[in-house]
Structure formats: structure tokens, C-alpha cells
Amino acid sequence: MPLPRTRETGLRHRLAELRGPEVPAKALDARALAALAANPGCERRAILDGAGVDKAALADALGSPSAFGQSQFALTRGNAFESRVKADGGAELLRLVHEKLDRKAEPPSDAEVPDLTAIGPEGRTARTALALRDATAAGGWTLLDHPMLALDVAGSPAFLEPDAVVVHPDGGWTVVEIKSFPMLDGSADPAKVGAAARQAAVYVLALEEVAARLAHEGGPSPRVRHHVLLVCPKDFSNLATASAVDIRKQRAVTARQLARLTRVQDIADALPEGTCFSPALPADELTEAVEAVPATYAPECLSACELALHCRDRSRTDGAVTSLGRSVRAELGGLTTVEDVLAAARGELGDPDHPAVAALRRAAELRAEALGRGVAACR
């Protein structure tokens, strides 16, 4: 007799149906999770990421191929640099952690590098938690190479794999991010550093959940450090350099945005029966399925989501003001379409005492006045 289906197993079954029969789930990494947290109002991305849908393949099937993602050359270069930094038991990496974050501690001469091998993401997550507990109790330096962490996202677990986590002799935990972009004269591209900080903030939140569970079970109560170590190539060489990055702001913003996400279960329950996002479906059927989930497009999506080009085309077709940017959308209040904005500017729509409407009408008057002067000057 089969076991009764619980809410958790029921959700997993439902997400598998949405993904498509025999379609493997695409893991939700920290980069995607940080992008999702930056746009918590987008139910489309929430359900697609929660179901493990390959959005790049989905975009191709919809006829809007994604221009987002890392090149194969960048991935190869990054993997080679990471291997170099972690060589010899992570001696260079631990030296940088000691130098930049914990000079008062003893130098990491005999650090432990535990084996985190296990079956499946759940097994690796449990093995990582045990290694963190043992390393914290041991009171020495420990390097966890590619640990596996779990973070609840809108009611669905996301398994995350940071480059490394270092346990200090005082029991503190530090996230290490290894990137292939260079640090020139001690500084790196601010946009890339910001993206790395948002990604590291996701790992810190996941580590905090592990720490809370260990403390609840009567184990050690470790401190997850809010300064992470960003390791990059020095200038134009293959030598490693590092910088301590304070991610308290990014952590707070990410935690707040993730809390605002609509639960994946609620989004799935609202979808029509039989909805499926398998790229193997006919284009018209797939488009109907995607459009059944509300999206919140903004120009920032172009650098963070594989479906951005598809959503942009739909947003422009609908005349939504969000295609002009979030700041413009915020200024316009209840005017959600370009048609409504133009009607308000012409005096055909809206309360004239509303600040946005009044500003639009004043702008229209100034434009008409300027054009009138230009015509008169040409005559």
C-alpha cells in the first residue's frame, strides 16, 4: 500500500509535472537566487526556478534565445584559477583568510580538509553540516571545499554550493568567493564586486540556518562572519590576491526580498490544470503556459534572467511602463501603461491633483510650448 502523499511530496510531484515528464531539474544556484531576490514580485521566475526549469532552453523554444550567461572561456579560466588557489590543501587560500580576516589567530599550518562526498544533494548537505559541527568543536583551521548548503526559498529547498567555507580557530565561519575577474592595484570592477557580494549573502543566509540548527540541537553556537573573502587574480597575473567584503547590507536586503517571495505552492495552485513548461511542447502551447504566470519585467532583468528578452517583448506589446524601468514605474503611481500615461498628459485621464498626473500635464504643456516656438522660428 503506497504511503499517503504529504504536502511536501505533493509539491515535488506538482513541480515535476510543471517541469515536464522525465525532464531533469536544473539546480538553483546562488547567482540565480540573488537575481530572484532582486525581483521578488516576479511570480514567473519564482515558479520556473522553484520547479527547476531550464530557462535558457525555455527561451530558445519560445523563439527568444537568451543572451545572458557566462562564456565557456570564462568558465574554463575561472575553474583553472580556483584549482590553483586551492592547491596544496588550500594553503594559499587559508593564508589569505588569515591575512585579511583573522591576523590574531595562529597561522593555518595544519588545516583540516574534510571529505564532503555523499549521495545526492540532501546527503551532501547533511555531510556538510556534520563537518561544520566537528570543525567548530575542534578549534582549529578547517577548509570546506565546495560544501553543500540548503536554503528554503518560497517554500521550496534550494541547494547551494559555495566555492569554500573556512572555519576559524575561534569557531567562526567565513564564506570564500573565488572569481576570475582581476583586482587592479588592489581594487576590482565595482559592479562585479557587488554581484559577488549579493551571491555571497545568499551563502551567508544558508550558513546561518545551519548554525541555528546546530545550536537548537545542543551543539556549538558558531558565528557566521558578515565579512566574506573575495579572491581574484592580481593585476594581469595568475597570482591570487584577496579583499574582505562587508556584506551586511546585501544580506539584509536579500533576506527581506526572499521573505517577500510568494510561496511556490501558492503559485502552482493558481495555475490551470495541465500547465507544463517543457521545451519539447509546441511553441504556441508553451507560450500559453508561460503567459499563465504573471511576470514583473524591468530592464535590469536583461543582465540577470534568461527569459528577459521574451518578457521584454511582451511588456512592450502590452505597453507596460515597467519596460521603462522601476524608477519610472514608481513615479507614475497607478498609471501602469504607456497609453494611460499619454492620456493623463493630454488631460483625458487621471486626477489633476495627483502629483504624477500634474507633472505629466505640465510636461506636455512645456513640450507643446517648445514645439510652438520651434515652428514659429522656422517661419
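The buried residues of helix 7 are T125, T128, A129, A131, L132, A135 and T136. Seen down the axis of helix 7, these buried residues fall within an arc of 165 degrees, so they line one face of the helix. An α-helix has 3.6 residues a turn, so residues three or four places apart point the same way.

The model described here is predicted. The mean pLDDT of its chain is 85, and 94% of the residues reach 70 or more. Over residues 1-6, however, the pLDDT is below 50. Beyond near neighbours in sequence, that stretch has two contacts in the model.

Helix 7 runs over residues 120-138 and has 19 residues. At 1.5 Å a residue the helix should span 27 Å, and its end C-alpha atoms are 27 Å apart, which agrees. Just after helix 7 comes G139, which takes a positive phi of about 75 degrees.

What covers the buried residues of helix 7? Several strands take part, including strand 1 (142-145), strand 2 (149-153) and strand 3 (156-160). Strand 4 (164-167) and strand 5 (173-178) are also among the covering elements, as is helix 8 (190-216).

R133 also has its place in helix 7. Is R133 buried, exposed or partly exposed? At 36% relative accessibility, R133 counts as partly exposed; the range for this class lies between 20% and 50%. Leaving aside residues up to four places away in sequence, R133 touches L214 and P220. P222 is 89 residues from R133 in sequence, while their C-alpha atoms are 8.7 Å apart in space.

**Salt bridges**

How many salt bridges does the structure hold? There are 21 salt bridges in the structure.

| Salt bridge | N to O distance |
|---|---|
| E92 and R95 | 2.7 Å |
| E99 and K100 | 3.8 Å |
| R133 and D134 | 3.4 Å |

E92 and R95 both lie in helix 6 (residues 87-101). They are three residues apart, about one turn of the helix. E92 counts as partly exposed, at 28% relative accessibility, and R95 is partly exposed with a relative accessible area of 37%.

In the next pair, E99 is partly exposed at a relative accessible area of 26%, and K100 is partly exposed at 36%. D134, the partner of R133, is partly exposed too, with a relative accessible area of 44%. Elsewhere, salt bridges that share partners join R45, D49, K55 and E306 into one network.

**Nonpolar cores**

In soluble globular proteins, nonpolar side chains tend to be buried together. In this model, the largest nonpolar core has 71 residues. Which residues have the most contacts inside this core? They are L33, I47, L151, V153, W173 and F277. Helix 8 gives the most to this core, with twelve residues.

Definitions and conventions. Residues numbered from 1 in each chain as written. Predicted model: local features only at pLDDT ≥ 70, side-chain atom pairs only at ≥ 80, totals over all residues. Heavy atoms only, no water. Helix = DSSP H or I, 4+ residues; strand = E, 2+ residues; numbered from the N terminus. Expected span 1.5 Å × (residues − 1). Buried < 20%, exposed > 50% of the residue type's maximum accessible area, 1.4 Å probe, protein only. Arc of directions from axis to C-beta. Contact = heavy atoms within 4.5 Å. pLDDT = per-residue confidence, 0-100. Core = buried A, V, L, I, M, F, W, Y, C linked by side-chain atoms within 4.5 Å. Salt bridge = Lys/Arg side-chain N within 4 Å of Asp/Glu carboxyl O.
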